Amino acid sequence: RALFLRRPDRFLIGTDTYTMSRWERMPDILGNVRRWLSTLPRPVAEKLAWRNAARLYGLDPKRFR
């Protein structure tokens, strides 16, 4: 948590669906991620959830609103 708060521009969240059975668990996996993101300040959580990825890929953040 301290590292995320100190360096929020350096992290991304991702998931991996390396097997078909993982797709069935995706709602639980994403629910867990959303739960711990909700414990962070909103600007930090947004950076980890999608803003850093948008910046990395050169996408306009307005497209995600």
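Which residues does N52 touch, not counting residues up to four places away in sequence? The legends below take up this question after an overview of the chain.

**Figure 1. Overview of the predicted chain.** This is a predicted model in which local features need pLDDT of at least 70 and side-chain atom pairs count only at pLDDT 80 or more, whereas totals for chains, interfaces and linings use all residues. Residues are numbered from 1 along each chain as its sequence is written, and side-chain values use heavy atoms, with hydrogens and water left out. The chain has 3 helices and 0 strands, taken as DSSP runs numbered from the N terminus (helices: H or I, at least four residues; strands: E, at least two). The C-alpha trace spans about 35 × 25 × 20 Å along its principal axes. Of the 65 residues in the chain, 22% are buried (under 20% relative accessible area, with exposed over 50% and partly exposed in between; 1.4 Å probe, protein chains only).

**Figure 2. Helix 3 and its kink.** Helix 3 comprises 15 residues, 42–56, and reaches 20 Å from its first C-alpha to its last, close to the 21 Å expected at 1.5 Å a residue (1.5 Å times one less than the number of residues). A kink of about 60° is centred on L48, the bend being the angle between axes fitted to the seven residues ending at a residue and the seven starting there. The buried residues of this helix are V44, A45, E46, L48, N52 and A54. Their cover includes helix 1 (2–6) and helix 2 (20–37). After helix 3 comes G58, with a positive phi near 70°.

**Figure 3. Surroundings of N52.** N52 lies in helix 3 and counts as buried because its relative accessibility is 4%. Not counting residues up to four places away in sequence, N52 touches P8, D9, R10, F11, L12 and K47 (contact: heavy atoms within 4.5 Å). The N52 side chain reaches the backbone oxygen of F11 at 2.8 Å. A polar contact also joins the side chains of N52 and R55 (3.0 Å); such a contact is a pair of N or O atoms within 3.5 Å, where within protein one must be able to donate a hydrogen and the other to accept it, and residues adjacent in sequence count only if both atoms are side-chain atoms.

**Figure 4. Lining of the largest pocket.** I13, G14, T15, L30, V33, R34, L37 and A49 line the largest pocket. A pocket is an open set of points on a 1 Å grid over the protein atoms alone, where a 1.4 Å probe fits, with protein on both sides within 12 Å along at least five of seven lines; lining residues have an atom within 4 Å of a point. Helix 2 gives the most to this lining, with 4 residues.
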